[in-house]
Amino acid sequence: MRSPNDPATQGSVLLTAKQHVKRYENVGLNCSSDTIPLGKTANLEVNGKSFTAITLLSTGECFSSILRNQCTPDVCACSSRGLWFSHIYDVVQHVGRINITCSMILKEHGSSSDSVQVNVIDFTGPTLSTDPELPFRADIKAYFIFIMNDINMNHDGNICRCCINVDGITAKSEISVSIISTPIIQSTEIVTCNSSAVNLSCIIKTGLPSYGFNLWTHSVKCYQEAGEYTCNAWNTHGETSLVVNKNISLQVNTSPVIISMAVFPGRKTTLSASIYSSTEIIPVWQQLNETIVNSTDLMQTLERRNIKISVYNKSIECHGYVANLSISSSLNVEYVLFVRNAFGETKLFFDTDELITQDLDSTASFDLRVLIFSIVALGIFIFTATGAVIMSKGTKHPHVIHIIGPHERCPSIPIYHSAPASGNTPNVYDLPNPGYLEVIDDASSYISTNHYAEID
């Protein structure tokens, strides 16, 4: 293929055309030779298929086979000698390259041809503008050209070339087109729900033919369906799968949720409720349809506290509230807790009859436990004392008399020892003092062969 700017050698064919053309536009083809072809005819082919044959008739008129008629100046033309032929070609393909060939049969050289490639570009424009704010010299004009093009994966790796010709001076610049094959996900980052139903959606944008979505994932927060939802999308480029994701935060605007309630009996009975709310709450306690105010008998408190909430059979900690009502006086009828936030109100009843029954049951249970404990303790004491006496009697100490004081009944009491009298002479320690008990280990204590004499 010869460049359009190369001069034609003798006996050769030269085809010229624009290198770039917008889709749905036309391109002018000019085929020439320095030798008159046989039949004064030039044949044009587009992408290997015959497009038209242009012939200079003997009448001097130009004929196009595709028109099946004489040429009009805006479509085709011939030189008066038959050395050059021109024709307009309407571009019908969207993008890509068009291969165009012109052939002639020359008397001395036989068939001779030349070819060119025309790049079809899908763009809007171009537009030409000047920017007077740029720092150019006063005698120089600056021009800018912008091309808007619908890019797809077929353009990956293509070269975009800008060519300029000013007064015969040409210049060009080019850039390489690189297509990012990662899919793009579009979605709303924050979704607020005020009702029982909400739709979450995400849109994938990709130029690849193979794409889809994986299952959504849900990072649970503190209240049921609220939390982070992740949209997972993928596409396939060659043998590589690319996956991207996008998070959507679902915020549920709902009235306060009672997580648990409890009653703590005692000298001061405390009614307690654990509450979850995404916004600030206002608790109001009522008794007999009257709002309770703090006093010496009734004291209400509200605390921020981490509370445990069961969500999908999993226990998680969340920021919540604990509302308490301490009651010093006797319980009365029914207590009601109203909890309000920006989205609604929740009501919780504490049944006094059940509370009193529970209190009495717990008191009776407490008294019964004390009684059982006392009986067991007394039994252990008696068993221990009896065992000590048995152990004491089972110990053999010949010639030893145990003297136990009148108030000493504990196994740990002191034991006094005295020797028996020598013969019929009474010993000063032979008889216990009044108020003491004489315990003799066994009968052998009285028939001892060992005697002790008085020492003056």
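**Disulfides, cores and ring pairs**

Modeller: The link of Cys 31 and Cys 102 is left-handed, with -90 degrees about the S-S bond. The model is predicted, so local features need pLDDT of at least 70 and side-chain atom pairs count only at pLDDT 80 or more, while totals for chains, interfaces and linings use all residues. Residues are numbered from 1 along each chain as its sequence is written, and side-chain values use heavy atoms, with hydrogens and water left out.

Colleague: How many disulfides does the structure hold, and what counts as one?

Modeller: The structure holds 4 disulfides. A disulfide here is a pair of cysteine sulfur atoms within 2.5 Å. In the link of Cys 31 to Cys 102, the S to S distance is 1.7 Å.

Colleague: Where do Cys 31 and Cys 102 lie?

Modeller: Cys 31 lies in strand 3 (residues 26–33) and Cys 102 in strand 10 (residues 96–106), so the pair ties together parts that are 71 residues apart in sequence. Strands (E, at least two residues) and helices (H or I, at least four) are DSSP runs, numbered from the N terminus.

Colleague: Is Cys 102 buried or exposed?

Modeller: Cys 102 is buried, with a relative accessible area of 0%. Cys 31 counts as buried too, at 2% relative accessibility. Buried means under 20% relative accessible area, exposed over 50%, and partly exposed in between, with a 1.4 Å probe and protein chains only.

Colleague: Which residue forms a disulfide with Cys 62?

Modeller: Cys 62 forms a disulfide with Cys 78, their sulfur atoms being 1.8 Å apart. This link is right-handed, with 45 degrees about the S-S bond. The pair links distant parts of the chain, with Cys 62 in strand 6 (residues 62–64) and Cys 78 in strand 8 (residues 76–78), 16 residues apart. Cys 62 counts as buried at 11% relative accessibility, and Cys 78 counts as buried at 16%.

Colleague: And what about Cys 71 and Cys 76?

Modeller: Cys 71 and Cys 76 form a disulfide with their sulfur atoms 1.9 Å apart. Their link is left-handed, with -110 degrees about the S-S bond. Cys 71 and Cys 76 are buried. Cys 162, by contrast, is in no disulfide; the nearest cysteine sulfur, that of Cys 163, is 6.7 Å away. Cys 162 is partly exposed, with a relative accessible area of 38%.

Colleague: Changing topic, how many residues are in the largest nonpolar core?

Modeller: The largest nonpolar core has 28 residues, and those with the most contacts inside it are Leu 29, Tyr 89, Ile 98 and Ile 100. Its largest share, 5 residues, comes from strand 10. A nonpolar core is a set of buried Ala, Val, Leu, Ile, Met, Phe, Trp, Tyr and Cys residues joined through side-chain atoms within 4.5 Å. In soluble globular proteins, nonpolar side chains tend to be buried together.

Colleague: Which residues is Ile 100 in contact with?

Modeller: Leaving aside neighbours within four places in sequence, the contacts of Ile 100 include Leu 15, Leu 29, Val 46, Val 116 and Val 118. Glu 45, Asp 114 and Ser 115 are also among them. Contact means heavy atoms within 4.5 Å.

Colleague: What does the second core include?

Modeller: The second, separate core has 16 residues, including Ile 281, Trp 285, Leu 325 and Leu 348. Leu 348 is placed in strand 30 (residues 344–351) and is buried, with a relative accessible area of 11%. The C-alpha atoms of Leu 348 and Val 336 are separated by 5.7 Å, although these residues are 12 residues apart along the chain.

Colleague: Lastly, how many aromatic pairs are there?

Modeller: The structure holds 2 aromatic pairs. The rings of Phe 51 and Tyr 89 have their centres 5.2 Å apart and their planes at 90 degrees, so this pair is edge-to-face. Phe 51, in strand 5 (residues 49–56), and Tyr 89, in strand 9 (residues 84–90), are 38 residues apart. Rings of Phe, Tyr and Trp (its six-membered ring) pair if their centres lie within 6.5 Å; planes under 30 degrees apart count as stacked, over 60 as edge-to-face and the rest as tilted.

Colleague: Why is the pair of Trp 285 and Phe 350 tilted?

Modeller: The ring planes of Trp 285 and Phe 350 are at 35 degrees, with the centres 5.6 Å apart, so the pair is tilted. Trp 285 is buried, with a relative accessible area of 1%, and Phe 350 counts as buried at 1% relative accessibility.
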